[in-house]
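Student: Could you walk me through this structure, one feature at a time? I'd like to learn how to read each one.

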Amino acid sequence: MPAVLLESGIVLVPLAGAALYIVVTSNALLVVFSAAAAALAAAVLRLRYHYSSGAYSDLAVRAQDPSSSSGSSSSEQAGGGHKFSEIVRDAQRHRYRDEVVRGGEALAAVATSERMRYDAEAFGAGLSFDHRCFYVRGRAAWILAADFDYWRLPGAEDGDSEAAWRRALQQYRALGFSAVRIRFHWGFHSPRPGAYDFAGRRDVGRLLGVCAELGLLVIAALGPFVGGDVQGGGFPPWLLQQRGVRVRHVWRAGLKAWDDRFAAAAGEWLDRIAAVVAGHEVVTRSARGRGCVALVQLENGLAARGALGLPLALHDETRLLARMARERLVRVPLATNNLRWPADFASPAARLWARAEQRLRAWRVIAPPFRPDIAGFTAHGDLAAAPLDLDAVARITRADNAPMAALELRCAGAFSGQIEAALSQGLAVLSLPGFFDLGARGTLAGPQRPPGAPPAVPASGALSADARAARLVLHAARALEPQLAASDATSARPWISRAARPSVRAVAVDGLPPAAVCVRRQWETGAGRPAGAGAPGVDDSAQLGIVAFVDGRGRPQDASPELPVLFTLAGAPLLHKAGSFVLTATLGARRRGIFAANVLVGAPGAPLALVAATKELYARVRLGPAAEAWICAEEAAQAGQLLFHGECRVSGHADLELVDVDHAAGHRFSFVAPRPGPGVATVAAPGGGPTVHLVLVSQRALDTLVVGYGPYDGEHAAAVFAAWGVDGLAPAAPGTIDLLPVGASEGAAGQAIAISHTQPCPGSAALEPLDAPAEAAYSGHPFVWAFSAPAAGAARPIAAVSGFERRTTSWDALPWKLLPTRADLETMDEINLMTWQRDLGMFAFHATDLGYNGTHVLYRCQLRLKPRNLTAPTIRLQLNVRHRCTVWVNGVNMSGHQTLHALAAPPGTAAAYIEALRHPGAAEGPDRWGGTTTYDVTRAMRLSDPDAEEGALNEVHILVESRGLGAQADGNNDARTPRGLLAAYWHGFNFVGEDHDDSEIHDHDHDSRTEQMRTKWEICGVDVTALADVYGSSGIPDEQAQTGWIPAMEQPLASPGWSTRLQLSPDAGVQWWRWRLPAPAAAAGSDAPVCLNISGEATVCVWINGVLVGRHDPGAGPSLVLLRGGLAGQAAQPLGDEVRLMLHGWADDAAAGTTPSTIPVEVSLVGSQ
């Protein structure tokens, strides 16, 4: 603290003297000069504040002293009412005091990058990394992940949460992913201050155990910020209600200032979640076996730099989270996810600031920045069109000894192409947000989803064409993982092989530009292997794997489908460009290809050596120590050849030709050309050595191909089996094949074929082993197994439902409470001195301040009018809402309006910020005041008789729909942007002289102001902080009511299954319908997906068995809501499932000519019974 006062005095004392001189002399020039000096001094102090400890106040840092541990604090108790002052005092008691240097810079001194670094010497046998890839238990491996948001799953109820997780995660494995990224949602686990729930569907320890059982690695994103696709960024509603807390340390737009209270609250969350994760790491072994967590991500989407490369990061934010994680025994590498990569580091402005920072550190003006083990980033755009310059960014970020990790690889087109481009460019870790649609449970979603492609796998689980293509890419990549994971681009440095046998050195494609061919080469030698890496390295005499990524999308459509691929052997002259031999290939439906060279099968001493292939390998199934089965496409789907070293023996569905090759004198080669059609060809090494079985399958079979992989334990996670023929096949436990309900079955009469050393165990009763496959092309091989599966179309559509009823919400029965306005908080004299009329209409408490974070909030205004109160021929009501409102006056629907703007500019950019300022109701970022709409309510208002003692009662009801809180994602405080009814003004009457003396009002002309004092507003909603599931309410208090229901008449539509038209009366307010789905028949299965198709100009919310699962918005076209089954739906109940709908709409959307006016809403069931 003394150092802080000294540094502040050095700047502030001269400024104070200059200000005094200015006052005395009134020198205009000095005024300008002093203002500039003050701005410069503030900038210098700001830079120091960002880059030093940032902790010139007390830090929320935990101590290692057991006596001061907070692990058993009272906050463990559910509902423990921890106040922020208590949290801060608790954090201050746990400061480090023994290592304090420079007057309070404790955090910068003890939480350095070196001290927080991953201990490879201690844990390298389980997990290590270099700049190429990760090594899991000694073997090179990619971490190919998709986001698994467990908190989105409507089907993961307390009773069947593990079954829902397992069903979804099996789908991840079936599509070829080796890992999942799990974002732990703070708000989902903490409904109230100090209360944390990790039971039932929130039991993340059990979830991690399921991932370990299925062989999936995990990227654990601990938060506290979840992401921009959820409301409030995942922060608990109770935290956002504390307006004195700077969430994410955001002080102003784009600027941060350290906040002890937020740091302490985040530390309390880290206490709980890190303790769970630490027991499931891959570097630890317990009674359950090896864990699954390979990487821990701190925070999410932090921006290291802002516009023009300005250094706006608060390094202590990451430094503190890293220290908390390490103190809670998190041992695996720590990663961050930079939001604006690579512009944060690669732009000229960023490079300039980087040099300036180095100079400032040398002068000890700023402290060294904090650098995690892995500098992750978010990648936007098409990587094939704009390749990543990983080497340049690695040099700037000083991460040249760590693999590059795209922890959010966003995609605006096809996922399959994005994955292929990322792997070809050397990304070792990637995670795909939005690949799977895990449903929309409750009100978790934010007002605007990040831009990207539609999900490859919808909530029903039916695979899109993009998902099938991505599955082939992932399987092909994992088949070549030993050669490709630990690889360099061939242009990285010269390479001259000294291998004993001929090996490919270069690959080119005739007819394609060099940029369309990306060649990667296996790591040459283990001499430079980092300590504890555990990678075996490659001896100089060994053969180095080569993988060529070929992109043929730029070829003319009328070009020949065959591509000549030129392979150059290592013995060829360096300037030789004609190649040593040529193989031809077609690229198949993807118009891309992944071709391998220098692949060895069997023992290193006498292997079967594949010199080159233009056949894509989609799986390499181990059939023993010296035998493999390679799954390839038949010639009609993807044509190609293979070249083996030596005089091999070939039998079955392929032709053999012995050839000589240039630059390989004294060696013979076997040219293998598969025959048209499906079948099996066997290639055996000379002298009865290792064997490869080429299993050629059709494109229809490739569309259903699944591969089961073994664990990363001692050797590469090789494929244990491959299967195809039926949609829904999925690997379960090791050596077990399952059948998931993901849509219509495909294949030959419902038959699945598997390739495995031993017969896979059927994990589903629907799969029955057969004696032989139906296709003769695969008969007679001991590694081919067949299973029967239910044929498509065995189930019938749902034709009828039961218990069709309806009801209407009663306004008077709702729990209303008085809502004070700013006018209620001021005196009469202060009101008349106000210059802005709007201040009187602004509410002192917004919906979020009261805990009303559901999608709906209700407002009511009651007033009594006499004819003498009128001051104009019309009565008008002026409203400002966020985001959509519906207005009723005395039971008459006056229509409504919407103030919501979806940003067109990329989030986080200056263009997005300017766009948000221009349009009121911005979905994210700043939301400027505006969007007021005026309603003429004269026709619906009531007036009493002129002689009546009391005015006629008028009731106004306003239903406001919020699309969710801002995500606090881009350095803006949009998580606290007001929601609900922001302001309301009456025009056309006043109450001067009513119930008070005229002398109280000094200015009778401003009736539009004084009338606000005579109208009282009430509010009604659901305080989510009082619920166990804070995201499970629509905000209407009677949403779970069981009384007031009456039988309703169905109006069937012309559709195959059950359907009806709901006639919504706009004047009736909020209306409800419900019915019961029948239990599924045995033919359909309990997990068969059933969806509700909704169309119509009304707002519709959908519940299934009391769980809010989706909504339909007017003007958005038809909506499909998953009710049960599939990937993300609930399991069917034995006695059927209750479906409940809430509807309301605007009178302007009523159908023409209907009396009374109604809005038709059509609903139909899509699925099988």
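Tutor: Let's start with V706, which counts as buried because its relative accessibility is 1%; buried means under 20% relative accessible area, exposed over 50% and partly exposed in between, with a 1.4 Å probe and protein chains only. Keep in mind that this is a predicted model, where local features need pLDDT of at least 70, side-chain atom pairs count only at pLDDT 80 or more, and totals for chains, interfaces and linings use all residues. Residues are numbered from 1 along each chain as its sequence is written, and side-chain values use heavy atoms, with hydrogens and water left out.

Student: Where is V706 found, and what does V706 touch?

Tutor: Strands (E, at least two residues) and helices (H or I, at least four) are DSSP runs, numbered from the N terminus. V706 belongs to strand β32, residues 706-709. Contact means heavy atoms within 4.5 Å. Not counting residues up to four places away in sequence, V706 touches A174, R471, H475, F721, A722, A723, L729 and A730. Take F721: 15 residues along the chain from V706, with 8.5 Å between the two C-alpha atoms.

Student: How many residues of helix α16 are buried, and what span does α16 reach?

Tutor: The expected span of a helix is 1.5 Å times one less than its number of residues. Helix α16 (residues 465-479) has 15 residues and goes 21 Å from first C-alpha to last, close to the expected 21 Å. As for cover, 14 of the 15 residues of α16 are buried.

Student: And helix α15, mostly covered or mostly open?

Tutor: A general point first: an α-helix has 3.6 residues a turn, so residues three or four places apart point the same way. In α15 (residues 415-424), 10 of 10 residues are buried, including F415, I419 and L423. Just after α15, look for G426, with a positive phi of about 100°.

Student: How do I read strand pairing?

Tutor: Two strands pair if DSSP finds at least two bridges between them. β1 and β2 (residues 134-136) share 3 bridges, and F129 has F134 as its bridge partner.

Student: Which residue takes a positive phi in the hairpin of β54 and β55?

Tutor: That's N1105, with phi near 55°, in a hairpin that has 2 residues between the strands. β54 (residues 1099-1104) and β55 pair in the antiparallel sense over 5 bridges, and I1104 is bridged to V1107. Strand β55 (residues 1107-1112) is largely enclosed by the rest of the structure, because 5 of its 6 residues are buried.

Student: What about a loop residue, say T977: buried or exposed?

Tutor: T977 sits in the loop between β47 (952-961) and β48 (980-987), and T977 counts as buried because its relative accessibility is 11%. Leaving aside neighbours within four places in sequence, T977 is in contact with G925 and D927.
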